[in-house]
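Student: I would like to learn how to read a model such as this one. Please take the features one at a time.

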Amino acid sequence: MLLLIPLLPLVGFLLNASFGRRVTKPVAGAIACGAMVASFLVSAAAVVQLVGLPADARAISQQVFTWITSGDFAVAFSLRVDPLSAVMILVVTGIGSLIHIYSTAYMHEERDSEYARYFSYLNLFAAFMLVLVLGSNFLVMFVGWEGVGLCSYLLIGFWFEKKSASDAGKKAFIVNRIGDFGFILGVLLAFVQFGTLDFQQIARAASQLGPEASFGTLSLITLLLFVGATGKSAQIPLYIWLPDAMEGPTPVSALIHAATMVTAGVYMIGRNAVLFSHAPQTLTIVAVIGVLTALMAGTIGLVQNDIKRVLAYSTVSQLGYMFLAMGVGAYGAGIFHLYTHAFFKALLFLGSGAVIHALAGEQDLRHMGGLRKELPITYWTFLIGALAISGVPGLAGFFSKDEILGRTFTSGHTILWGVGLLTSLLTATYMFRVVFLAFHGNRAEQARPLHDAHDAHDPHGAHLHDAPPAMAFALIVLAIGSVLAGYAGLGGRFEHFLEPSFAPQAVEAVADTTGELTLVFVSVLVAVGGILFATFFFWKDKAAADRMAQRFSGLHRVLMNKYYVDEVYDAAIVQPIRIVSEYGLWKGLDVSVIDRIVNGVAETVDGASVLLRRLQTGSVRAYAASLFLGVVLILGYYLWP
Amino acid sequence: MSGLVPTPALSHYLILSAVLFTIGAAGVFVRRNIITVLLSIEIMLNAVNLTFVAVGRYRGTVDGQIITFFVMTVAAAEAAVGLAIVIGLFRHKESLNPDSFTALKW
Amino acid sequence: MGSDLLFYIFGAVAVGASLAVIGQRNPIYSVLLLILSFGALSGLYILLDAPFVAVIQIIVYAGAIMVLFLFVVMLLNAPHEETDYDERVHPLLRAGPTRFGVVLAIGLIAELWWALTKGRETGPFGDGSVSSVAAIGRSLFTEYSFQFEVTSVLILVAMVGAVVLARREPKSEGRP
């Protein structure tokens with residue numbers, strides 16, 4: 001039964017890939033959405049069954065087939081549902097279904113074949129993601145890991161005729177690959193160390209050992225795995241692909257780069273919690289990188305003008321929070337934030353998609369404004385999402401973000417807590433900047449010429465209608481989720497539910513409530529403060545924002561250019577490789593050496609034949625002479641005593 | 001008169017036929033007329049015939065002579081076909097010099 | 001006694017005629033000299049107690065094959081051999097395959113002479129004659145009957161081949 005969960009979207013993929021271009025759009029969409037919804041129902045059934053089991057034996061496994069047997073080593077393709085993966089499959093299939101439904105409206109203007117291609121990729125992605133989270137050993141997880149990377153490439157570069165889109169797809173794939181290299185090394189090292197790839201067996205073996213005091217094998221393994229996570233989940237230093245990935249259709253950004261694929265890294269750490277707990281060195285690195293990424297992305301997001309870019313950097317930032325949680329040992333809190341973040345980040349992306357759709361392709365915040373009246377559903381749902389992400393009490397984000405910050409503080413990492421708090425401020429600020437710039441105020445008169453040619457009959461305003469029913473449905477459901485999802489974590493219920501997945505582990509779930517209220521208060525203060533900042537600079541007095549930008553123009557430029565990270569990478573890594581490849585390997589080796597050898601062989605044969613053909617004199621008498629010579633020689637040979 | 005020269009033994013005959021053979025072989029190279037080349041080949045065949053008959057006589061069988069039949073037959077056939085070819089070549093090139101047929105040259 | 005001498009006489013005639021054959025310019029003379037050589041060989045066959053072969057040699061070789069050669073020579077009106085070199089130069093000194101061939105011939109003869117005088121069963125002939133036409137015929141049609149039939153096929157093939165090769169091309173090629 002577990003196999004059905006990834007199998008249904010896979011079937012959807014096969015159907016749409018084979019026949020999709022021959023059926024009408026509604027049919028293609030129905031196949032894809034149907035597959036997802038069906039998968040969601042099966043997942044829900046599996047979770048219900050799971051919950052019915054006693055807490056210490058909460059796992060359902062299914063071995064599908066034996067994959068590799070080589071000597072003593074055997075790996076099976078087996079799936080396993082436990083509390084952690086239960087959360088993940090519900091998130092993937094549930095939010096995935098909503099996004100599929102949303103896409104049927106969003107992608108409506110594509111040609112039939114492109115429409116089907118989109119949905120086939122989307123289903124394939126879901127199938128791989130589900131394989132990733134359901135796998136019970138590293139190998140199966142890796143299949144999913146690579147598969148989602150592939151689908152990410154396919155979907156980012158969906159409009160591949162546009163150069164920036166295909167470039168972004170390639171960038172994502174290549175950067176991911178670099179991370180995957182580290183991941184593979186980590187897996188191999190784990191195999192060398194433990195002799196198995198199965199998660200349960202590794203956890204059991206690791207728990208026999210004590211936590212490492214210094215940087216040893218376990219730390220190396222976990223560090224390498226974390227490198228893979230930085231690639232997949234866009235942390236420093238491999239986050240650079242995520243902002244570019246916004247070239248893809250907005251629902252893709254919502255699904256892959258907000259709710260699911262990028263969370264694979266966080267999930268992976270959670271899955272290997274026991275292993276990581278025994279490598280405190282790596283955990284520190286994870287936490288530090290997480291929080292630095294969060295801060296850095298927050299600062300960049302503050303000044304971006306493309307609405308999707310802001311959300312992209314926001315995603316990077318929030319992922320940083322999740323890694324911070326994992327790094328301080330609060331695995332449950334990290335997953336909790338993953339779960340709530342899926343709701344409101346997907347909501348924000350889909351909302352921005354509705355805005356872009358309404359404005360016929362306009363994505364620049366400076367050319368937006370006043371959409372509150374024209375797109376009411378979009379506005380209210382977007383606002384809910386913004387409040388949620390800012391950590392306003394009562395909404396989902398508050399519970400999860402607060403949990404992380406609280407656990408960080410109580411585990412003694414005060415500096416990290418401070419940085420996290422600062423990032424919270426930035427989050428609220430940049431988020432509400434978007435809200436005010438897009439939905440309040442007046443739209444600037446010098447709007448950019450509209451991209452969509454087919455709206456020429458209505459030059460000002462294009463499709464300026466609110467989200468069509470399919471999109472609105474998704475937005476509303478997600479908004480409700482953004483409000484209510486957090487309550488699942490009340491009283492630590494969520495984390496308690498997840499605990500068996502992280503056991504046996506060395507970190508106890510500390511429920512120290514005394515200092516907590518103070519911390520909560522501080523968090524709320526920060527959130528509100530951020531909102532007020534935004535209100536001042538971007539609603540009441542917009543000119544003030546411009547003045548600030550001018551005063552700190554140097555800093556502003558650095559932020560606008562994303563700290564020049566891409567340029568640095570290009571100069572330090574890409575160009576040297578390209579130069580070595582072009583001059584060294586291509587011109588030097590391939591052309592000069594190999595070509596010369598191959599051509600040389602041909603030339604030698606040619607030269608030899610020029611010499612040899614002199615034998616063909618055409619003179620019959622010469623032939624007779626050589627014949628005769630042969631006779632004389634052979635005769636001599638035989639007559640010799 | 002009998003003691004003046006040694007009685008011919010087999011070796012004499014063999015040497016004689018060897019001489020004839022080489023004369024024929026030399027003729028193939030020296031002559032620039034195809035017909036004469038064919039004649040030289042006939043000389044060679046005759047030398048071979050002589051060898052067969054001599055050895056047959058030496059061994060006391062009649063097989064040597066029988067083989068000469070076949071050799072002669074082959075020689076006749078070869079002469080006929082060869083001359084036919086010569087006629088064809090002559091029609092083509094109006095020349096009987098083997099050096100003028102160089103179409104096989106590279 | 002006399003037959004010993006005859007051997008040398010016939011042998012000398014054969015060799016001399018052959019040398020003349022390859023030395024002559026005029027092809028007709030070459031053919032005629034070759035006929036003379038065949039005659040000498042025929043005499044040698046008689047000395048070797050093979051009268052039937054001797055007669056066959058005259059009839060077939062000298063009578064048929066050489067006549068054929070003569071026909072062709074006259075048909076083609078073969079001219080004197082064209083010479084792009086000085087005739088008076090001795091063959092041994094001429095360039096190209098000629099010299100090579102001559103040198104080879106000398107080499108061959110040296111080889112053969114040496115080989116043949118090494119001894120081994122080159123003694124005198126035995127007495128008594130075994131050849132009679134009847135004996136030849138008997139052997140030919142019993143032991144060698146297969147070869148005999150094969151030669152008839154060979155002759156057939158040669159005949160057909162000669163006719164085909166020498167026939168004139170059909171007039172279709174001669175259009176202006």
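Student: What should I know about numbering and thresholds before starting?

Tutor: Residues are numbered from 1 along each chain as its sequence is written, while chains are lettered from A and ligands numbered from 1 in the order in which they are written. This is a predicted model, in which local features need pLDDT of at least 70, side-chain atom pairs count only at pLDDT 80 or more, and totals for chains, interfaces and linings use all residues.

Student: What is the mean pLDDT of chain A?

Tutor: pLDDT is the predictor's confidence in each residue, from 0 to 100. For chain A the mean is 82, and 91% of the residues reach 70 or more.

Student: Where in chain A is confidence lowest, and where is it highest?

Tutor: Helices (H or I, at least four residues) and strands (E, at least two) are DSSP runs, numbered from the N terminus. The lowest confidence in chain A is in helix α21 (residues 493-502), with a mean of 70, and the highest is in helix α5 (residues 138-156), at 91. Over residues 445-462 of chain A the pLDDT is below 50, and this stretch has 18 contacts in the model beyond near neighbours in sequence. A contact is a pair of residues whose C-beta atoms, placed from the backbone, lie within 7 Å. Residues 505-514 of chain A also stay under 50 in pLDDT, with twelve contacts beyond four places in sequence.

Student: How many helices and strands does chain A have?

Tutor: Chain A has 26 helices and two strands. Two strands pair if DSSP finds at least two bridges between them. Here strand β1 (residues 60-70) of chain A and strand β2 (residues 73-81) of chain A run antiparallel and are joined by nine bridges. I60(A) stands opposite V81(A), and S70(A) has F73(A) as its bridge partner. Two residues lie between the strands of this hairpin, where G71(A) takes a positive phi near 65 degrees.

Student: How does the span of helix α8 of chain A compare with the expected value?

Tutor: The expected span of a helix is 1.5 Å times one less than its number of residues. Helix α8 (residues 217-232) of chain A has 16 residues and reaches 23 Å from its first C-alpha to its last, close to the 22 Å expected. Just after α8(A), A234(A) takes a positive phi of about 55 degrees.

Student: Why is α8(A) described as largely enclosed by the rest of the structure?

Tutor: A residue is buried if 20 or more other C-beta atoms lie within 10 Å of its own, exposed if 12 or fewer, and partly exposed in between, with C-beta atoms placed from the backbone. In α8(A), 14 of the 16 residues are buried, so this helix is largely enclosed. Across the 641 residues of chain A, 50% count as buried.

Student: How many residues does the largest nonpolar core have?

Tutor: A nonpolar core is a set of buried Ala, Val, Leu, Ile, Met, Phe, Trp, Tyr and Cys residues joined through C-beta atoms within 7 Å. The largest has 194 residues, and those with the most contacts inside it include F125(A), L350(A) and A438(A). Leaving aside neighbours within four places in sequence, A438(A) is in contact with I307(A), V355(A), L365(A), M368(A) and L371(A). A second, separate core has 70 residues, among them F52(B), V21(C), F38(C) and Y61(C).

Student: How many residues do chains B and C bring to their contact?

Tutor: Chain B brings 63 residues and chain C brings 72. On the side of chain B, α3(B) gives the most, with 20 residues. By class, that side divides into 42 nonpolar, 17 polar and four charged residues. Ala, Val, Leu, Ile, Met, Phe, Trp, Tyr, Cys and Pro count as nonpolar, Asp, Glu, Lys and Arg as charged, and the others, Gly among them, as polar.

Student: Is L45(B) buried or exposed?

Tutor: L45(B), found in helix α2 of chain B, counts as buried because it has 23 C-beta neighbours inside 10 Å. Apart from neighbours within four places in sequence, L45(B) is in contact with V71(B) and A75(B).

How values were computed:
Two residues are in contact if their C-beta atoms, placed from the backbone, lie within 7 Å.
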